[in-house]
Amino acid sequence: MNLRVRDLFFLLAFLPGLSGCGVKVEGKDDGQSRAAGSPAYGDTFIEASIGDIQGLIPNITSDSASHEVGGLIYDGLVKRDKDLNIVGSLAESWQLSRDCLTLTFKLRKNVQWHDGRPFTAEDVRFTYETMLDPKTPTAYREDFLAVTRLAVLDPYTLRIGYSKPYAQALETWGMYMLPKHLLASYVHEGRLREAPQNRRPIGTGAYRFVEWKSGERVVLVANPEHFEGRPYLSRVVYRIIPSQATIFLELKAKGVDFAGLTAIQYTRQTTYRAFEKAYVKYQYPSNAYTYLGFNLKDPRFADRRVRQAFAHAINKQELIDGVLLGLGREATGPYKPETWAYNPDVPRFPYDPDRARRLLAEAGWKDTDGDGILDKDGQPFAFTILTNQGNEERKKVAEIIQQRLREIGVAVEIRTLEWASLIKEFIKKRRFEAIILGWGIGLDPDQYEVWHSSKAGPDELNHISYANPEADRLLELGRASCVREQRKKHYDRLQEVLAEDQPVIFLYFRDALPVVSSRVRGIEPSPNGISYNFIRWYVPKERQRYTAG
Amino acid sequence: MIPYALRRVVLAIPLLIGITFISFLVIHLAPGEPVELQTGDLGVKSSAQSIESLRKLYGLDQPLYVQYWSWVTRLARLDFGRSFAPDGKPVLQKIGERLPITLFLNIIEMLLILALAVPIGVLSATRQYSVFDKITTVFVFVGFATPDFWLALLLMILFGVQLGWLPISGLRSPTWEFLSFWRQHWDFLSHLVLPIVVATFGGLAGFSRYMRQSMLEVVRQEYIQTARAKGLSEQAVIGKHALRNALLPVVTILGLSLPGLIGGSVIVESVFAIPGMGQLMVQAVFSRDYPVIMGNLVIVSTLTLVANLLADISYGLVDPRIRVGRRGRS
C-alpha cells in the first residue's frame, strides 16, 4: 500500500495552532524577498537521504527512500491532497456504488509514459495482476486480494468489483501504476526484480529518471509533459549520506537543501543566525507513535489493573520533555490527534504514583518482605523491557520508565537487541515480557492487523496477543463500511476500549523536523505535511543557485 | 619452486571450501532472515502468506545443506547469484560497482603511507631519541589514539564548513555533469582529499613504527658495522645496506594487507558518504543479503589465500636461505 508507506515517512502532516507545534519560519528579515520572487523554472534541489534506495519499482520495495523517489517518477490513480482528501491523479474521476461494492474509474486521456507511449486502462489491469501474481515479491498484495473482478470497459474506463465493502478500496488505487509494454514478460517469468525498469524506470510522473549510482546518488529531471504541468524545479538530486552527523555538516555548509533534523539539532544547534537565514524549519507530528507494549500471555500483564497502574506511573510529558526536548505530543491511542478518526474523549491516565500503587495493591501486588519491590505469591514484580539497538530515543525512554516503575515498587531491566534478532528471536516467538517500539500509522484508520485477535500468529502483527471481542467487532465494522461518519462511530468507540484496556501504553507522537533551503518558495504546510505539492515548489530566478539544467 | 607453488595452490582449495562452509553456516545462524526485513517494516501490511512466498522465492524454505550445495555448485560455475535486495542485481555487478572507488582510495592511501612512513621510520631510527624521534613518537601515539570518525568530522568542520575549501562528503558535486572535462576531474579529486588524509593518518602511525623498529634492529647488525668500517658514507650505509634489509618485514606486512585493499573502511566510507565495499558489506549484513555477504567473503578469503601464497613464494625469492631450505625439501 504505497500511500501507507509514504505516509509514514514522507507525507507528514503539519497541524497549525497546536501547543508548541506551530511552524517556525526562521530568518524573518528575509520575509520581504520571500514574497517578492515570482515562480520560475530551473535550479537543482538537493535532498539528503540516509539510506540508499532498494530499487526503482517501488511496488516491490518497502523502504522510505525508494518510495520517496518512486513517488516522483510514478503516479497512482488517486492521491491525497493537502487536507488529506483523496483526489484524482491518473484517474480523472471515479464513482463508488451506493453499496460500496463497485468502483468505476475514468482515466485521464492525455497521459503518456516517459517513453511516449499512452497510458491506458490496460496498464492499470496489468499493475493489478502484477500485484496479485504469486511470483511478484511484494509486501502490498493484501490490499488487492479484496478485489473480486476487474473489467476494462474501454481504454479509459475500468470497473472494479468487491465481494464485500472494503473501506480502503479507493486508497488502494494510490499504488504506483506500472508500464505493461515494458514489464509484461518479466512479470510472467517471475523476474520483475531483474527488469531494466528496476534500474532505469519509465513512469508517468512529474520527474524523469536520469541516473542511479548505487550508494551515491539518484538524479531526476522535470518532466515537461506531466499532466499536472511542468514542475518548477528542473532537477532533483538525492544524495545518499549514511551518517546523520555528515548530513548535518552538509546542511551547515549549504550542501543539501532538504533534510530532517534531530530534536537537539532543532532546538540547540541550529539557532544561530546564518543557519536561520539559510533554511526554513518546519515542525509537525509524524505518523508514528512510540509505545510500551506487554506480552498479554503473561498472567501478570493480563490483569488490566496492572497495565492501568503502569499508565499512571509513567509521566508522558516528562518523556516528551526529557527525550524529545518537548518536540512531540502525548498519545492517548493509536490515532494522531487532529485527524478525523481521532477521539479526544477517552479515559486518560494522568501521572499519579499513589493511584498506581493502589491499583497494583488491588491486583494483589504488595511489598510483604519490605525490600521495596512488590511481590505476590512470593514472586517479586520484576521484568525486562526489550528495545532495538541503535535507537537512542527508545533507550532513554526505557531508562526513564525504569526509574518511574521503580518508584512504585516494580523492578525493570532493559535489554537492547539488534533489530533483526529482536524481531525474529523475541517478538515473533513471543519471548518477551515488555517492549518499547513504534508503530507507523496510515492515513486510513483501519488497524485490523495490529489489534484484531485473529492476527496474533507468529508472522502477524498483533505481537502482544491482544484479544478483546468488542475491539474485534469494532475493527470488523470499521473496515466494512465506506461511509466516513459510520466508520468514525466505530473507531471512536474502539479508542475508548483501547484506552480503558491499555493493551500497550501509548506514549507519544514525535515531531518531524525537516528543514528546507530558504531560497525555495511555494511550500505550504498543511495537514498533509509539506511535500504534497513538491511540483509547485520553485526558486525565484535571482536566487537560483545551480544555474545548469 | 614451481612444484612447491602448485602444491600450495592445490592445498588452498579445500581450505577455501572450508572457509565458505563455515561462513555460510555462521551467517545463516544469525537470527533474522531477509524476507522479514523486507516485509517486516512495522506499519506495512505483510501477511504470513507474503512472507512464505518470499521465503520460497529465495529458496530459504530448503534445509541449510541443500541451500549450501546449490550455492556451491553455482559458485563452481563462477555464478555468484543475485542479491536478495529488491534491486535483484547480480552479486558480481554489485561488487563491481563498489570495488573501483575502494581500490582507488586504498591504493593511493597505501602509496602515501609508504612514501611517508619509510622516511619517518628511517629518520627516527637513525636519530634515535633525537627531537625528531620524540616528536614522531608523540605523533604516532596521537595517530593510534585518534578515532577515524572524530578526526574526519573535525576536518570536515574546518575545511568544509568554516573555510569552505573542500567538499564535505560524496564523490561529485550535484552539478558535476555540467562541468568541463578538467573541472570534473578536479571536482572528483577534491572530494577525495579529506577521506585520503583521514585514512592515511590512521595507517601512517602503525607503519612508521614498524619501519623504525625494523631499522633499529638492522643498524645494530654486524654487517652494518662492516660497511661503516670499510669507509662507506653514512648515506650509502643506511640507504643501501640497512634500508634494503629493514624493508623486508615491512614488505611482508604490505603483502598481508592486500585483501584489506578491497575491504574498504566502513567508518571512513560512511562518514564521507563514499559508496565503497565497506558500506556494501555492512548493508548486506544488516539486511541479511546472504548472496552478497557470501560473494564478498569468497573474494576476500581467496585474496587472503593468494596473498599468503605470494608472501611465502616471495620470501623464497628474496631470501636465499629460505630458497635453499625449500629446495632441499621438495
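Mentor: Start with the interface in this predicted model. Chain B and chain A bury about 5000 Å² between them, with 56% of it on carbon and sulfur atoms.

Trainee: What makes a residue part of the contact, and how many does each chain give?

Mentor: Contact requires heavy atoms within 4.5 Å. Chain B gives 55 residues and chain A gives 66 residues.

Trainee: Why is the pair B:Arg82 and A:Glu194 called a salt bridge?

Mentor: The N to O distance between the two side chains is 3.4 Å. The rule asks for a side-chain nitrogen of Lys or Arg within 4 Å of a carboxyl oxygen of Asp or Glu, so the pair of B:Arg82 and A:Glu194 qualifies. The count between chain B and chain A is six salt bridges.

Trainee: Which helices of chain B supply at least two residues each to the side that touches chain A?

Mentor: Among them are α2 (34–39), α5 (91–126) and α13 (277–286) of chain B. The largest share, seven residues, comes from α3(B). By class, that side of chain B has 25 nonpolar, 17 polar and 13 charged residues.

Trainee: Why do A:Asp43 and A:Arg519 count as a salt bridge?

Mentor: Their side chains meet at 2.9 Å, N to O. The cut-off is 4 Å, so this Asp and Arg pair meets the rule. A:Asp43 is in strand β1 (residues 42–49) of chain A, while A:Arg519 is in the segment after β21 (514–517), 476 residues apart. Over all chains, the search finds 39 salt bridges.

Trainee: What makes a residue part of the lining of the second largest pocket, and how many residues line it?

Mentor: A lining residue has an atom within 4 Å of a pocket point. By that rule 25 residues line the second largest pocket, and B:Asp187 and B:His191 are among those nearest its centre. Helix α8 (residues 181–219) of chain B gives the most to the lining, with five residues. The pocket's volume is about 590 Å³.

Conventions: Residues are numbered from 1 along each chain as its sequence is written. Chains are lettered from A and ligands numbered from 1 in the order in which they are written. This is a predicted model: local features need pLDDT of at least 70, side-chain atom pairs count only at pLDDT 80 or more; totals for chains, interfaces and linings use all residues. Side-chain values use heavy atoms; hydrogens and water are left out. Buried area is the accessible area (1.4 Å probe) that two parts lose on being put together, summed over both. Helices (H or I, at least four residues) and strands (E, at least two) are DSSP runs, numbered from the N terminus. Ala, Val, Leu, Ile, Met, Phe, Trp, Tyr, Cys and Pro count as nonpolar, Asp, Glu, Lys and Arg as charged, and the others, Gly among them, as polar. On a 1 Å grid over the protein atoms alone, a cavity is a set of points where a 1.4 Å probe fits but cannot get out, and a pocket is an open set with protein on both sides within 12 Å along at least five of seven lines; lining residues have an atom within 4 Å of a point. Grid points are joined across faces, edges and corners, and a volume is the space filled by probe spheres set on the points.
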